[in-house]
Amino acid sequence: SVSNQHSNSRSLLFPFLCSQMTQLMTSGNQTMVTEFLFSLFPHPHRGGLSFFIPLLLIYGFILTGNLMMFIVIQVDMALHTPMYFFISVLSFLEICYTTTTIPKMLSCLVSEQKSISVAGCLMQMYFFHSLGITEGCVLTAMAIDRYMAICSPLRYPTIMTPKLCIQLTVGSCFCGFLLVLPEIAWIATLPFCGSNQIHQIFCDFTPVLSLACTDTSLVVIVDAIHAVEILASFLVIALSYIRIIMVILGMRSAEGRHKAFSTCAAHLAVFLLFFGSVAVMYLRFSATYSVFWDTAIAVTFVILAPFFNPIIYSLRNKDMQDAIGRLLHYRKRAGWTGK
């Protein structure tokens with residue numbers, strides 16, 4: 001009967017699929033890797049805990065500092081300007097960006113299990129690089145904003161409208177989350193066999209691709225595309241600030257020069273910190289570093305840059321300090337009123 005034929009076909013289909021999966025998992029007499037191990041993290045009782053506490057404190061500061069900046073900019077009407085809008089977006093991205101890597105680092109420092117599934121590794125790479133590219137695009141938008149504010153102050157209010165700021169932010173997100181997708185999809189098709197030890201503190205392209213048991217020469221083209229992306233953003237920002245500095249030096253008022261320099265100093269510091277670490281980490285091409293320097297560069301890129309951003313934007317910014325003071329004073333007064 002038809003029903004018997006269907007049942008027979010199903011009974012033959014499942015063994016066939018199982019046999020195909022077995023062949024895939026054991027191709028070339030090598031068991032396919034289903035999870036990776038982070039080899040650089042120390043054992044919890046051999047130094048792991050001594051790294052765990054400082055990293056936890058740094059992560060807590062990154063979350064608290066960037067979240068405070070985001071909230072202050074959202075609630076304080078005096079900070080509802082294009083410049084602070086982009087700073088709030090940057091703060092939100094820093095929270096998401098560090099959350100893709102640091103929690104896993106913390107768990108590896110206190111746990112004997114230092115593994116991550118292949119799917120989890122791909123997800124970490126995707127969100128880490130997507131948020132990183134988005135942040136680079138937002139920094140580019142911030143440079144354009146400062147260029148318009150200082151070089152074309154009369155046209156600035158009509159050009160840098162709230163609508164344009166939102167469009168630039170959405171465009172940055174689309175750019176970040178779409179550019180990395182083809183590379184992640186390609187890596188997901190690669191077979192991994194043999195060694196499963198990642199010699200890095202998080203999943204990244206080069207350490208993961210070195211574990212693939214197939215030809216990955218296509219990565220040279222991908223690296224070239226990433227290099228063009230990084231250099232394009234770098235050139236736009238660098239040229240903007242060169243022009244800004246030239247305009248500032250041409251100002252007759254010493255007070256005006258000081259105010260303009262102080263406004264751009266924070267942006268320039270964050271720009272140098274971010275793109276400096278990106279350049280050292282990803283524009284190396286055929287150059288290789290020792291494990292120590294690879295780890296040090298990764299720590300600078302993943303941890304220190306987001307750590308210093310709230311310090312740079314708050315300690316050297318009087319408007320931000322005043323807004324934080326107003327928020328804390330309001331909360332204190334509301335607390336007394338409630339009592």
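How many salt bridges does the structure hold? Here is a short tour of this predicted model, starting with that point.

1. The answer is two salt bridges. In one of them, the side chains of Asp 76 and Arg 326 come together, at 2.9 Å from N to O. Asp 76 sits in the loop between helix H2 (48-75) and helix H3 (82-99), while Arg 326 belongs to helix H13 (residues 318-338), so this pair ties together parts that are 250 residues apart in sequence.

2. Next, have a look at helix H5 (residues 118-151) and helix H7 (residues 162-179), which pack at an angle of about 145° with their axes 8 Å apart. The crossing of H5 past H7 is right-handed. From H5, the residues making the contact include Tyr 126, Phe 127, Leu 131 and Ala 141; from H7, they include Leu 168, Cys 173, Gly 176 and Phe 177. Sorted by class, this contact has 12 nonpolar, four polar and no charged residues.

Conventions: Residues are numbered from 1 along each chain as its sequence is written. This is a predicted model: local features need pLDDT of at least 70, side-chain atom pairs count only at pLDDT 80 or more; totals for chains, interfaces and linings use all residues. Side-chain values use heavy atoms; hydrogens and water are left out. Axes are lines fitted to C-alpha atoms, for helices over the stretch in contact, and angles run from 0 to 180 degrees between N-to-C directions. Helices (H or I, at least four residues) and strands (E, at least two) are DSSP runs, numbered from the N terminus. A crossing is left-handed if the near helix is turned anticlockwise from the far one by less than a right angle, and right-handed if clockwise. Contact means heavy atoms within 4.5 Å. Ala, Val, Leu, Ile, Met, Phe, Trp, Tyr, Cys and Pro count as nonpolar, Asp, Glu, Lys and Arg as charged, and the others, Gly among them, as polar. A salt bridge is a side-chain nitrogen of Lys or Arg within 4 Å of a carboxyl oxygen of Asp or Glu.
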